[in-house]
Amino acid sequence: MAGGRDVSGEASQAPPAAGPLALGAVCLGFFMVLMDSSALNVALPRIRSDFAGGLAQLEWTVNAYTIAMAACLLGGGTLADRLGARRLFRVSLLLFVFSSAACAASPNVGTLIAARAVQGVSAGGLLPASLALMAHMYTEPARRARAFTVWGGVSSLALVIGPVLGGALTAAVGWRSIFLINVPIGLAVVVVCGRAVAASPARRVPFDLAGQLAAIALVGCGIGALVEGGTRGWSAPVTIALLVGTAVAAAALVGVERTVVHPMLPPSLLTRPGFLAGLTVGALFQFGAYGSQYAISAFLQKSWGLDALGAGLAFIPFATFWTFASFVLARAVTRTGPRLLLIGGAAMAGAGALALLPVGTGRDWWVLLLGSCLLGLGAGLMGPSLPTVVLRSLPVHQSGLASGALNALRQVGGAVGLALFGPLLDRSTGAGGLRVCLGLVALGFLVIVLVVRRTMPGRPGAQ
């Protein structure tokens, strides 16, 4: 600080007590970004029909967003610490609004994919900025823990409401309305955030441009190889080129992060068991929770013949139990610490995936209901604990980096799920493809149980 101003140029006025309006503005901003990723799942068949695209193009409309977001999240976390979280939050939100309008106006699938990539870039700045803002708004440990619980609950709510709202909008107005709704909401949040959220501090840390470019290449080539390998085959030239690019980018990222003075992700952080375990759990959580959403939605529309609205409504039990677990159960047992929530939630979510295995093409509603409720309940217990595990492992001035790393791995996990499940479902004529997807989801949740039991202490609040 110098001359009453922080290094980012934002006034360093004493922040007012973070009230409901400030918390609501931050939560609504990232709610909109996360909901956008899940809302599009139920609209994919309609988009494929309108643009007459193939499976790979369909997957890229989702993965262009996810890849760009995941690749930019680490850099976004550093920028949140460097420029000030509030400034980055508002700028990113404005970019998200404009790119959403471009998605809605897309005349062809290529334009839509490009606009989705820009959306992902903006989300890569907004998500870590939102969590960094929470860390700065709530400095007292008990209030911060409650705020993080709300943040985790709202993020979970966005993922589960997305399919229901996306299906309703697609059926009533069309898939373009999923993007148009972001415009007025986003602009309102920008205004409220400027008035209700105090300026956050910034640190003079050089931006690791080489590391950021290597991360973009690594995530883009890696997920791209999965998408193209599943559709074109693993011996196709484009797939081989992407696999080679993945290896080169990974080597470059490791080399850069070991040599630069201010790395985007300091390698020493990966030696912290809590931090590394939190990232692993975050990736597996998104793989299972987001991947199962996509798989079930695609199956219901392909094999059960449901339209977008019907598929969205079928997620209501899933969404209800996830929301209940996030806002009621998770808060009620917060005193136990995240370990119990993660183990219990992962075990329950895995049981839900296994309970869905008997589902067939004959509209087995009771099987779908039981499995969806268990899956939603377990995922809802886990969601609010993820940021706590990662953020408590690093000092508060690195909250942007911690948030960026967590959300980057979560998005990578979701993108891997989509890339793997898409070809499995597209080539299956019955329920076989869905059952393989659900088996992989259950396996991912089992690994979470093992990781948490091995790396996280049993005493509440212990590191």
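A residue counts as buried when its relative accessible area is under 20%. By that cut-off T239 is buried, because its relative accessible area is 0%. The structure above is a predicted model, and its protein chain has 18 helices and zero strands. Of the 463 residues in the chain, 58% count as buried. Here is a short tour, from the overall make-up to the helix pairs.

**Overall make-up and cores**

- Among contacts in the protein chain with a separation of 6 or more, 83% join residues 24 or more positions apart.
- The largest nonpolar core has 123 residues, and F30, F89 and F275 have the most contacts inside it.
- Leaving out residues up to four places away in sequence, F89 touches A25, V26 and G29, then L126, A129, S130 and L133, and also V189 and C193.

**Two single residues**

- T239 sits in helix α10, which covers residues 237-259.
- Apart from neighbours within four places in sequence, T239 is in contact with A225, E228, G229, R232, G233 and W234.
- P45 belongs to helix α2, residues 44-51.
- With a relative accessibility of 36%, P45 is classed as partly exposed.
- P45 and A308 are 263 residues apart along the chain, yet 8.2 Å separates their C-alpha atoms.

**Helix α11 with helix α18**

- Helix α11 packs against helix α18 (residues 432-455) at an angle of about 160°, and their axes are 9 Å apart.
- An angle over 145 degrees counts as roughly antiparallel, and α11 and α18 are therefore roughly antiparallel to each other.
- The crossing in which α11 passes α18 is left-handed.
- On the α11 side, the contact is made by A277, T280, V281, L284, F285, F287, G288, A289, S292, A295, I296 and F299.
- On the α18 side, the contributors are L434, C437, L440, V441, G444, F445, V447, I448, V451, V452 and T455.
- Sorted by class, the residues in the contact of α11 with α18 are 18 nonpolar, five polar and no charged.

**Helix α11 with helix α15**

- Helix α11 (residues 273-302) also packs with helix α15 (residues 365-382), here at an angle of about 155° and with axes 11 Å apart.
- From this angle it follows that α11 and α15 are roughly antiparallel.
- As α11 passes α15, the crossing is left-handed.
- In this pair, V281, F285, S292, I296 and L300 of α11 meet L368, L375, A379 and M382 of α15.
- The contact of α11 with α15 consists of eight nonpolar residues and one polar residue, with no charged residues.

**Helix α14 with helix α15**

- Helix α14 (residues 338-355) packs with α15 at an angle of about 160°, with 7 Å between their axes.
- That angle is why α14 and α15 are described as roughly antiparallel to each other.
- α14 and α15 make a left-handed crossing.
- α14 supplies L341, L342, G345, A346, M348, A349, A351, G352, A353 and A355 to the contact.
- α15 supplies V367, L370, G371, L374, L375, L377, G378, A379, L381 and M382.
- By class, this contact of α14 with α15 has 16 nonpolar and four polar residues, and no charged ones.

Key:
Residues numbered from 1 in each chain as written. Predicted model: local features only at pLDDT ≥ 70, side-chain atom pairs only at ≥ 80, totals over all residues. Heavy atoms only, no water. Core = buried A, V, L, I, M, F, W, Y, C linked by side-chain atoms within 4.5 Å. Buried < 20%, exposed > 50% of the residue type's maximum accessible area, 1.4 Å probe, protein only. Contact = heavy atoms within 4.5 Å. Axes fitted to C-alpha atoms, helices over the stretch in contact; angles between N-to-C directions. Helix = DSSP H or I, 4+ residues; strand = E, 2+ residues; numbered from the N terminus. Parallel < 35°, antiparallel > 145°, perpendicular 65-115°, else oblique. Left-handed = near helix turned anticlockwise from the far one by under 90°. Nonpolar A, V, L, I, M, F, W, Y, C, P; charged D, E, K, R; others polar.
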